[in-house]
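Please look over this model with me.

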Amino acid sequence: MTPLFTVHPSPIGDVLIVTRGASVVTLRPFDAPLETEIEAVSLRLQEIVEPGESDAAAAASAQLDEYFDGERTAFDLPLEWAPVQGFTRRALEAVCEIPYGETASYGEVAILAGAPGAARAVGTACRLTPFSIVVPVHRVIRADGSIGEYGGRPEMKRFLLDLESP
């Protein structure tokens, strides 16, 4: 089944949503040219990603809107985890355990992922996630309590953390 992409506007900028069948393959905000983002996803999947709407993208868009409107605290989307392997997958699955409105340090996530001492690898996993927002990597912070860079966009991370704060 051909992966399809759509772009959804949000308060933090455009969000690229790539789906295949009923699953979300990629969901992440972007600021590079769309062509560059699509090329990167195509290379990762080793498939051509084409423009198009899907029921999975419509569901993702609706859930994003609910999240940004403060009506959703958890996402219920089928994610295609197959391309995410090894420790990266374990780390991102551990990130999914961080409750809405709370944070955990990179070291704490490393422990949850079964690799104490792998805090840097958790940072890499967060940076490389294909499922930003839905997998709440914005909830992972430095041990000193500072929020970190969030792929060079700390203002986006601050917005998401503030959105979730009580």
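1. **Basis.** This is a predicted model, in which local features need pLDDT of at least 70 and side-chain atom pairs count only at pLDDT 80 or more, while totals for chains, interfaces and linings use all residues. Residues are numbered from 1 along each chain as its sequence is written, and side-chain values use heavy atoms, with hydrogens and water left out.

2. Four strands make an open sheet in the order 3-2-1-4, with mixed pairing. Strands here are DSSP runs of E with at least two residues; helices are runs of H or I with at least four; both are numbered from the N terminus. Two strands pair if DSSP finds at least two bridges between them. Strand 3 and strand 4 are the edges, each pairing on one side only.

3. **Strand 1 with strand 2.** Strand 1 (residues 4-8) and strand 2 (residues 15-20) run antiparallel and share five bridges. His 8 has Val 15 of strand 2 as its bridge partner. Six residues lie between the strands of this hairpin, and there Gly 13 takes a positive phi near 110°.

4. **The other two pairings.** Strand 2 and strand 3 are antiparallel, over six bridges. Thr 19 is bridged to Val 24 in strand 3. Strand 1 and strand 4 (residues 50-51) are parallel, with two bridges. Leu 4 has Glu 50 of strand 4 as its partner. For reading side-chain directions: in a regular strand the side chains alternate between the two faces of the sheet.

5. The unreviewed UniProt entry carries the annotation "domain: Methylguanine DNA methyltransferase ribonuclease-like" over residues 6-80. UniProt positions are given in the numbering used here, feature names are shortened, and annotations may be inferred rather than shown by experiment. Over residues 6-80 the model has 35% helix and 24% strand. The end C-alpha atoms of that stretch are 16 Å apart.

6. Gln 46 has phi near 55°, a positive value in a residue other than glycine. Gln 46 sits in the loop between helix 1 (34-45) and strand 4. Ile 133 also has a positive phi, near 75°, and lies in the loop between helix 5 and strand 6. Are these two residues buried or exposed? Gln 46 counts as exposed, at 73% relative accessibility. Ile 133 counts as buried, at 1%. The cut-offs: buried is under 20% relative accessible area, exposed is over 50%, and partly exposed is in between, using a 1.4 Å probe and protein chains only.

7. **Aromatic pairs.** The model holds five aromatic pairs. The rings of Tyr 67 and Phe 75 have centres 5.3 Å apart and planes at 45°, so this pair is tilted. Rings of Phe, Tyr and Trp (its six-membered ring) pair if their centres lie within 6.5 Å; planes under 30 degrees apart count as stacked, over 60 as edge-to-face and the rest as tilted. Tyr 67 is buried, at 1% relative accessibility. Trp 81 and Phe 131 form an edge-to-face pair, 5.2 Å centre to centre, with 65° between the planes. That pair links distant parts of the chain, 50 residues apart. Trp 81 is in the loop between helix 2 (55-68) and helix 3 (86-95), and Phe 131 in the loop between helix 5 and strand 6 (140-141). Both Trp 81 and Phe 131 are buried. Ring pairs also link Tyr 67, Phe 68, Phe 75, Tyr 100 and Phe 159 into a cluster.

8. **Largest pocket.** About 550 Å³ of space lies in the largest pocket. A pocket is an open set of points on a 1 Å grid over the protein atoms alone, where a 1.4 Å probe fits, with protein on both sides within 12 Å along at least five of seven lines; lining residues have an atom within 4 Å of a point. Its lining has 24 residues, with Cys 126, Arg 127, Tyr 150, Gly 151 and Gly 152 nearest the centre. Which element supplies the largest share of the lining? Helix 5 does, with six residues. Strand 3 (23-29), helix 5 (119-128) and helix 6 (154-164) each supply at least two.

9. **Second largest pocket.** This pocket has a volume of about 220 Å³. Its lining has 18 residues, with Ala 74, Phe 75, Cys 96, Val 134 and Pro 136 nearest the centre.

Methods. Grid points are joined across faces, edges and corners, and a volume is the space filled by probe spheres set on the points.
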